[in-house]
Amino acid sequence: MEPYRIKVVEPIPFTTRQQREEALRRVNYNLFDLRAEEVTIDLLTDSGTGALSAAQLAAGMAGDESYSGSRSFYRFHETVTELTGYAHILPAHQGRAAERVLFTTLLERGDLVLSNTHFDTTRANVELNEAEARDLPCPEAKNLDSTEPFKGNIDLEALARTLSGPDGSRVAVVVMTITNNGGGGQPVSMDNLKRTAALCRQHGVPLFLDAARFAENAWLVTRHEEGYRDRTPRQVAEEAFRLADGCMMSAKKDGIVHIGGFIGTNDPQLAQKCELLLIATEGFATYGGLAGRDLDMMAQGLTEVTEPSYLAERAEIASHLAHRVRAAGVDIVEPPGMHALYLNAGRLLPHIPPHRYPGHALSVQLYLEGGIRSAELGSLYLGEEDEHGNPIKSAPYELVRLALPRRVYTRSHYDHVGETLAKIAKNADQVYGFRITDQSPILRHFRATLAPVPITG
């Protein structure tokens, strides 16, 4: 059972199918543009959507709103330093702000950034600095049905070849995303992280963690990796941070807060350059664009998130939803992670070609049938077309992410998701595709407008 009791509740909206149809037309079939009051179960993201604990709210009430050197900053700084071991800690208002500050400072035009998988804003911030973001997922990640426990690993052979090859001099940093969000929420093993760190040291390249879900990664390590089964998630997390040269983090995930993030590094020169940019664009170095209450709540959340009871329940709720989804006849990326489930939309909707976006089609159908909002991770997110709409590049897989907010929904809410998917699966051949009517040059899935493409034949 859940290791908490509910103290405050918020009503959720229930809409009719006609209202949902009208809402979809109004937003040109882009679920990001729906009003929250039009969504019954919101699984768009787990970022900043969790429920605060009583202790976090209490910490926020004690927040010190001094512009410089507040008590809240020093509590935050002490908490993050003890967790990560990094010598220099800079707060930021969220993860993409930390990415922007770090990459603007670290990267030059033509540089290469290697990762197990870059997520969307990480890739965008690399490319905005005219550098190249290159993914090196492990071979096991290609088999969506495999239950191998560490499919989030980086491909060590490809990493070694790149670092020692003709592109080696271009590599400015290696980023290990834990857990691997873009790769289906799969964890990274400590063995893989150790070997990656050794290769980076050998070639003089810094290793940074994208640590948004460090605690969930640590929990899965304690469940599945030999030599770590008798360790606590906190101990595993501390070791992981100390294997890297630094990190960037969106605390809206495993900080269990609505806003916040940070950069950590052991490099004093890099820290100084990041601090100057932070002050110029985000806020003074002791608040980084955050209120004091946010710093206090982040410090408390970073303490709570490694509690075994919290993480065990997080894993159990994901497992419960995975069971319901499989029972509905819908395949997922196996094994299920903790922050999200990834539906195999390409397999469910084989009649929809990649350039008609089967993942987006399933996301729209989930909203239409059940008021459920989700996120496409397929060819709308990763694909490219020419000016006539002909496909140039498609995603390797057509997925839909059901992100699980922390401490927000109960099992009955997730049962509704399973029931809705079962309805869709029974008439999967009637689900229609989409075409893009307008898009932005980067991160197009956030702002694209679309129109349905009727089924023919």
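**Basis of the entries.** I worked from a predicted model, in which local features need pLDDT of at least 70 and side-chain atom pairs count only at pLDDT 80 or more, while totals for chains, interfaces and linings use all residues. Residues are numbered from 1 along each chain as its sequence is written, and side-chain values use heavy atoms, with hydrogens and water left out. Helices (H or I, at least four residues) and strands (E, at least two) are DSSP runs, numbered from the N terminus.

**Aromatic pairs.** I found 12 aromatic pairs in the structure. Rings of Phe, Tyr and Trp (its six-membered ring) pair if their centres lie within 6.5 Å; planes under 30 degrees apart count as stacked, over 60 as edge-to-face and the rest as tilted.

I then examined Tyr29 and Phe434, a tilted pair with 5.3 Å from centre to centre and 50 degrees between the planes. This pair links distant parts of the chain, 405 residues apart: Tyr29 is in the loop between α1 (17–26) and β1 (41–42), and Phe434 is in strand β15 (residues 433–438). I noted both residues as buried.

Phe73 and Phe76 also form a tilted pair, at 6.3 Å centre to centre and 45 degrees between the planes. Both lie in helix α3 (residues 71–84), 3 residues apart, about one turn of the helix. An α-helix has 3.6 residues a turn, so residues three or four places apart point the same way. Phe76 is buried, with a relative accessible area of 0%. I recorded one aromatic cluster formed by Phe73, Tyr74, Phe76 and Phe262.

**Backbone entries.** I returned to Tyr29 for its phi, which is near 65 degrees, a positive value in a residue other than glycine. Its relative accessibility is 13%. Tyr357, not a glycine either, has a positive phi of about 60 degrees; I located Tyr357 in the loop between α13 (345–348) and α14 (358–370). At 2% relative accessibility, Tyr357 counts as buried.

I checked two cis peptide bonds. One runs from Ile178 to Thr179, with omega near -15 degrees, and Thr179 lies in the loop between β5 (171–177) and α7. Another joins Glu334 and Pro335, with omega about -15 degrees; Pro335 is in the loop between α12 and β9.

**Helix α12.** The 20 residues of α12 (residues 308–327) should span 28 Å at 1.5 Å a residue, and the end C-alpha atoms are 28 Å apart, which agrees. The expected span is 1.5 Å times one less than the number of residues. Among the buried residues of α12 I listed Tyr310, Arg314, His320 and Val325. The buried residues of α12 pack against elements including α8 (214–224), β9 (340–344) and α16 (411–426), where contact means heavy atoms within 4.5 Å. Gly329, which follows α12, has a positive phi near 90 degrees.

**Helices α6 and α7.** The axes of α6 (residues 156–164) and α7 (residues 190–203) come within 11 Å and cross at roughly 5 degrees. The two helices are therefore roughly parallel to each other. The residues of this contact divide into 5 nonpolar, 4 polar and 1 charged; Ala, Val, Leu, Ile, Met, Phe, Trp, Tyr, Cys and Pro count as nonpolar, Asp, Glu, Lys and Arg as charged, and the others, Gly among them, as polar.

Key:
Buried means under 20% relative accessible area, exposed over 50%, partly exposed in between (1.4 Å probe, protein chains only). Axes are lines fitted to C-alpha atoms, for helices over the stretch in contact, and angles run from 0 to 180 degrees between N-to-C directions. Angles under 35 degrees count as roughly parallel, over 145 as roughly antiparallel, 65 to 115 as roughly perpendicular and the rest as oblique.
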